[in-house]
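Open the model in your viewer and keep the selection tool at hand.

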Amino acid sequence: MTRRGAAAVALWLMLSMLAALVVIRARYVADMSAFLPTHPTALQQLLVDQLRDGPAARVILGAIEGGDASMRARVSAAITERLRTAQQFESIDNGPALHAERDLNFLFEHRYVLSGAVDAQRFSVEGLRTAIQQTLDELASPAGVLMKSLLPRDPTGEMLQIVDELQRGTAPRTIDALWSSRDGQRALIVAMTRAAGSDTDGQERAIGEIQRAFDLALSSESTASAATLRLRLTGPGVYAVRARNQIKSAAVRLSVASSALVIALLLVVYRSPAAVLLGLLPVASGALAGVAAVALGFGAVHGVTLGFGVTLIGESVDYSIYYFVQAHRPDEPARGLLQWRRDFWPTVRLGMLTSVCGFASLLASGFPGLAQLGAYSISGLIVAALVTRFVLPQAVPPTVGVRHVAPLGVAIARGLSRIPFPRLLAGAALIAATFVLYLHRDALWSHELSALSPVSAADQAFDAALRADLGAPDPRDLVVISGTDLDSVLRGAEQAGATLTRLVEANRIDGFDSPARFLPSREAQETRRRSLPDEAQLRSRLQLATADLPIKAERLEAFLADAAAARNAPVITPADLDGTSLKASFSALILHEGPRWNALLPLHPASGTGDIEVAALRDALQRDHCESATVLDLKQESNDLYSGYLSEAIRLSLGGLAAISLLLAVALRSAARAARVLAPLVVAVSCAAALLAAAGIQLTILHLVGLLLIVAVGSNYALFFNRPPADAAAGIDPLTIAAVAIANLATVIGFGLLSFSQVPVLEALGMTVAPGALFALVFSALLAPSLREPRLRRPQPSNA
Amino acid sequence: MRILALLCALTLLSTSAAGETDDFNRLMELLKTRGRAHSEYIEQHFSSLLKRPLESRGELIYEPPDRLEKRTIEPRVESLVVDGDQIVVQRGRRRHQWNLQDYPPIEPFVASIRATLAGDRAGLERVFHVEFAGSLARWTMVLRPLDAALAKSVAEIQIDGARDTLLHIEIKQTDGDRSLMTLRAAAPP
């Protein structure tokens, strides 16, 4: 080993250890954050806040199934009892919260500041008469018994007003005061985690905590049928954790499987286990460097990136294959290495730079997931190539017993050269592919974010079923109030609430939630308090109001006392909600980060229509001068966001293609030669895309990355086939053909396996790259200028 | 002769006691086979809070096996439907839905009227101690809640009727308040 060589190895060892350290300490996430823009607009910021930290992202729904009803009830009670004090949860409930005594007490005690019906008119003689008359009507209804006990203290029916507003919609079915599914076969639990939805680790801890509580409750069940009890969880956090684990395990499993296959292939070729293991050095180093680069550059490594890591095996293993096969000169090893460095390394380097150009375009993406892929690929490929060039020859000279594969190259070349009209064939393939793509032009790309969703259809159905049982559908539309403090967003919520109430009355929406129902703004509280007349005045008005009513005024002394107390009561603050389950409902609707406060008003679509006319809603809010209100259609916004990413990624990829063309033109010092290198790649990418389209698959951003990978992998093939032969008479070196063929086989194996994965990112990449790489090889060969040289079939000098 | 008369009287008495049980069973059978029932009602609420009784008017519709609708027309249009264990209250455009067991105040009303109209003796006796008096032609049932919690607010429910037609339903609260519902068969549409 030379001194320079030793220095290279030492440097590599040191950097590898550093990278390993970074990789071990890196944070891995698998939530929606990979899909959220790095530089969002105000509206996107709201979307990000919602998806990442919004209450919807922190909800975990649980269903206890099996056993019998009483067993489910016991387990459900045990779980909530245990977790109510656990620090992971903001709230956990298994039954109707409004029944809780302290909730009702809070609402009743503060009814004169909480009731939206309270204004000065309400306590005029006429207002009192109308309100009391209504309450008396209520008394005559079947619920009258309940009303009767409240009547002496609350003759104007404020409590009913409040409960009415809070209890809109369909209540879940209950059995023994516990929530249950409609069919009564599942006991339901709703937990709100303290950890944000984006905190996948925190979500995992919370899920573990619920599972432990369930196991504990189960162990105290004595009967044998307790074993049939099952706990099923759902919710965004549950999905994120599951997706992360799935990606992790799939990444590991598929890496192992594809590594095993590639290793088997290499063993056949290299005939030396040592060479095989050392041949994987560039791959391992590249993957390590890739993850480390992402961890350093982005703070956290996303599951998508991790999944992508597998795919780099297919690309970077090529470098060592080229080295081993091309540098192999059993007769004169030293010359083989020198020759490889001189003749082949520049081509490998140019291929690597071409790939880097393609992936560099992704770095500019506003889609963090894509930018991570870019960073990962660039650093991974550069390191893999450098390790192949500088470290591998030190560790293993090309003298190892590599099988002599030149005859394979000769055979392949012979086979390829017998294909008639190769250019015509390639041209026909391009035309056919273009035609297919043209036919699918309208539905070629999927613009729905859900196309990337790692959640299976069965899981989605279960989630929807539980939400329907709970009467709490996933809110799709929200009005978001932005402000600089709590009181300003509460005021905004009240103002928007007035507009929304009109829409409810006009049957445009079914209802809405608002934090101001639990805690009105200071201003609203004061207005309501001021509208209560003093005791003497109220007494005389009450006398007048009840004169013609069937109620006895003298039985309403408690009302006068309560109203007098309410007039002088202090303003209620969030602290007054402490100890009630209303606190959780309130905090769920308030987002607070730094100086930014948001109040959320989820909308319930009118029954039957299902959809809310967002444009009309915006108009209505604007007419009413609700400046701080924004209407957020979560599904539409996420799809728009994703569509934006997609078109940006397509634009960036085209930019990458331009950069590659420029690089090739400069490096090869000829536009014509650059075009010859690019031609097979264009045909291969078109054919791969056409194949997917013909199979009825709508392309996503992941397929686009796959197409980029085809260019990355294929550029090496095209460059080798277009390399001016050192000896013009010799045509393409058969060793090169063999090396390219073996490298291609490794790539097809690696990506072919991925296409069977359940993880969308891996599946999409596999389905795109496996056929694409094959196309790239075939068209590179068909379009190669020297393949048709008859002299190729001469016996090779090195073979002699 | 006197002894005979006495014996006769005793026999009569005992047959009459046995006859009441029989009549109760026959009434239940009759109601069970009757099917849909549609009546108009006037309901009066008497309460110590009130100077004069509150009056409401509407329709009561029973559809076997377990759907009961109370449609109030005055003073305010409102409908209450108990279907199985679901309660739906519709008032104007507002619709509320609950589970029966979540809404204790309504339970005596549903349990007594629905079970009676269904001819469900077992159902009645699950919730109430039942005292039947009179004959099939003109009968009275007094229902006293078995459940202690219910017994705290409801003293008794008295239902009387002629054959399979209910005439009065009176719910007496423990605090002396009561409501009286007077029914008559609805005019055929």
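**Stop one: a covered strand**

Select strand E12 (residues 596-605) of chain A: seven of its ten residues are buried, so the strand is mostly covered (buried means under 20% relative accessible area, exposed over 50%, partly exposed in between, with a 1.4 Å probe and protein chains only). Strands here are DSSP runs of E with at least two residues, helices are runs of H or I with at least four, and both are numbered from the N terminus. This is a predicted model, where local features need pLDDT of at least 70, side-chain atom pairs count only at pLDDT 80 or more, and totals for chains, interfaces and linings use all residues. Residues are numbered from 1 along each chain as its sequence is written, chains are lettered from A and ligands numbered from 1 in the order in which they are written, and side-chain values use heavy atoms, with hydrogens and water left out.

Two strands pair if DSSP finds at least two bridges between them.

- Strand E9 (residues 477-483) of chain A pairs antiparallel with E12(A) over six bridges. Look for Val480(A) opposite Leu600(A).
- Strand E10 (residues 509-512) of chain A runs antiparallel to E12(A), joined by three bridges. Here Gly511(A) faces His604(A).
- Strand E11 (residues 590-593) of chain A is antiparallel to E12(A) too, with four bridges. Ile590(A) stands opposite Ala599(A).

**Stop two: the largest cavity**

Which elements give two or more residues to the lining of the largest cavity? Start with its volume, about 90 Å³. A cavity is a set of points on a 1 Å grid over the protein atoms alone where a 1.4 Å probe fits but cannot get out; lining residues have an atom within 4 Å of a point. Select the lining, including Arg72(A), Asp176(A), Trp179(A) and Arg186(A). The elements are helix H4 (69-83), strand E5 (178-180) and strand E6 (186-193) of chain A. H4(A) gives the largest share, four residues.

Move to helix H1 (residues 3-25) of chain A and pick Met14(A). This residue is partly exposed, at 47% relative accessible area.

Notes:
On a 1 Å grid over the protein atoms alone, a cavity is a set of points where a 1.4 Å probe fits but cannot get out, and a pocket is an open set with protein on both sides within 12 Å along at least five of seven lines; lining residues have an atom within 4 Å of a point. Grid points are joined across faces, edges and corners, and a volume is the space filled by probe spheres set on the points.
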